[in-house]
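Subject: Structure handover

Hello,

Here is the structure you will be working with. My notes on what turned up follow below it.

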Amino acid sequence: MQHDECKSVTASMKSWQGSAESRTASTVSLKQQYPMGTPIGSDTRAGPGLLLFPGTAQRHNQNLLPKCPKPKTTTVNANDEHEDLNRRKPCSVRSFRRPPLWQPPQTRKTEAEELRQEALAEHELETGRLACLAKLQAFIIEFLQGSSIHGFIYLAKFGLNFVERMLWFAFICVALFSIISLSQRTWQRFQTSPMVISMDRNKLVWNTSFPSLTVCPHKRIDDIKLEDYILAHSEQFEDEEDKEYFRDFIVKLASLTYDNLETLPLNKSYGIDSNEYLDLLYELKWSFEPEISSGAAVKMFIYETQTEFGTCHSVNSLVARYNSFGYWRSGDWSILDHGDRVTVHPLDGEIYAQIINLSTAYDVYFHGAGDVPNISKQRYTFPETDYTTVELVALEIYTNEEARAFNTKQRKCRYQYEAEEMQTVPIYSFGLCLSECRMFFALRVCGCVPHFYRNRLRNGRRLPVCGLEGIGCLVKIKREIISLKSDRYKIHCNCLSNCDDSNFFVQSYRSRVWFLGANLQWGIIDYPKMQLRRDVLFSFADVLVYIGGLVGFFLGCSALSFTEIIYYFTARLVRRMFCN
């Protein structure tokens, strides 16, 4: 029986090597002999699973396969062994191989699955996008229907046609354009002209600054010191004529200004470096020590100062000490204590100040306490034999304390502590700003600065001082330096007036010969009956009120309406889109 089964299996295995039709027929016959429901561990012989899934059959017990009985012949030779091996080889399941047509299309299924997944992902993404757009549209409609801003409700109100909605949309656009246009004008006005200069005539409640002045003596070189210098440096001079030229050179150098640059001899430097000009002039300086007396309640002081007119002396000045030779050479940049400003009141009566012991002719410049003389101001020259009395008229301008909250471009003036752009002094003054502008203009054109300027800047940079060649260059542009206007060069000083400023004008003066030498007396006889005041006309609160009125007029909304917009498009939008 077993031999017959082995023969049938062998015959089936041989049939796999035939055509496709024979293999199909063999498979059908095996399926008929071994139904699919037959368990593996039963006495039933191995079913078609061994052929359909040979890999699985290899893991089962070998007893399930039919065994071929060995031949009982005793004579064994090589040919019989070979025939026996060939006869037993088909009985092994491991020799079965799956037909090529049974290989599953793994690659086709993978590509189809990927395409299906991509299409599904795109569909889900498009569905989520449409859902978000639907939520957003519903949210905007909800906002428009519940907004407190006039006109918005008609953009989403049910029952209106397209033309009506567009008409309301046009009305809202016109209102928004009007608000933006008028608000820009208001803001521009706030940035450019928020201040107004008004006139105050209540003269009995405010004080008047006492006029300050700067005296520049004509004689500035001590003859004895000059002769001692010539003797100490006799090797630099060829003869007496050369010494005389040197005396003239030093005297003109000490009185050098923009007005008389061309008078300085430029043929010989006598071995003096231009950086040593100011040191040499102070070494040979004539001792000018006037005395001052006044009837004011506050004591006045006189300080030596360096100006565009050379070495001078200022009375009742708050900025003169910053231009002193000692302050420059010490490298100091600190703010000095000047004490109280000298003021007078109409109830004080006539108050004069007097400078005595003026033993030389002199020039006088009248100015405010917070300013310095400059080349464009008018000067008065008095001889050394006269007693001169000068009567002045004051015109002051003060700035309201509320203006400190504005920047310099808005109020168009500067306080003394607003000296960020100053390079040679730690405080601001209109006159000092003009002096620096002239200095930097000379540096830009001629590559050097005159010796009567501070050549060391705040950042530590040292500027070259003009020698004879540099002074020759300054002669060519002196008119442009004085006026600070030029057709060839661009000059931009950006100098604003002082917020608290005093202007004095000479009303009258009289002189008479005085046997005790030159004296100068000045004061205010006729007190001013008005003063100018900078007041805040348009503050930031006014800007808010004005813009708020425009928004309320055109759209009928308030500050809470803008708060509502912020709330809707932040917290409520996030909750509606992501949390609901």
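Helices α7 and α16 are roughly antiparallel to each other, a label used for angles over 145 degrees. This is a predicted model: local features need pLDDT of at least 70, side-chain atom pairs count only at pLDDT 80 or more, and totals for chains, interfaces and linings use all residues. Residues are numbered from 1 along each chain as its sequence is written, and side-chain values use heavy atoms, with hydrogens and water left out.

The α7/α16 pair

α7 covers residues 162-192 and α16 covers residues 540-555. They pack at about 170 degrees, with axes 10 Å apart. Axes are lines fitted to C-alpha atoms, for helices over the stretch in contact; angles run from 0 to 180 degrees between N-to-C directions. On the α7 side, the contact (heavy atoms within 4.5 Å) includes Leu 176, Ile 179, Trp 187 and Phe 190. Their counterparts in α16 include Phe 540, Tyr 546, Leu 550 and Phe 554. By class, this contact has 14 nonpolar, 3 polar and no charged residues. Ala, Val, Leu, Ile, Met, Phe, Trp, Tyr, Cys and Pro count as nonpolar, Asp, Glu, Lys and Arg as charged, and the others, Gly among them, as polar.

The whole chain

The chain has 17 helices and 16 strands. These are DSSP runs (helices H or I, at least four residues; strands E, at least two), numbered from the N terminus. Of its 580 residues, 40% count as buried, meaning under 20% relative accessible area with a 1.4 Å probe, protein chains only. Among contacts with a separation of 6 or more, 74% join residues 24 or more positions apart.

Helix α13

In α13 (residues 430-446), 13 of the 17 residues are buried, so the helix is largely enclosed by the rest of the structure. α13 packs against α14 (residues 468-476) at about 110 degrees, axes 10 Å apart. The two are therefore roughly perpendicular to each other, the term for 65 to 115 degrees. Ala 442, Val 445 and Cys 446 of α13 meet Gly 470, Cys 473 and Leu 474 of α14. That contact has 5 nonpolar, 1 polar and no charged residues.

Ser 486

Ser 486 sits in the loop between α15 (478-483) and β13 (497-498). A polar atom of its side chain lies 3.1 Å from the backbone nitrogen of Arg 488. The Ser 486 side chain also reaches the backbone nitrogen of Tyr 489, at 3.0 Å. Leaving aside neighbours within four places in sequence, Ser 486 is in contact with Glu 480 and Ile 491.

Best regards

Conventions: Parallel < 35°, antiparallel > 145°, perpendicular 65-115°, else oblique. Buried < 20%, exposed > 50% of the residue type's maximum accessible area, 1.4 Å probe, protein only. Polar contact = N/O pair within 3.5 Å; in protein donor to acceptor, adjacent residues only side chain to side chain.
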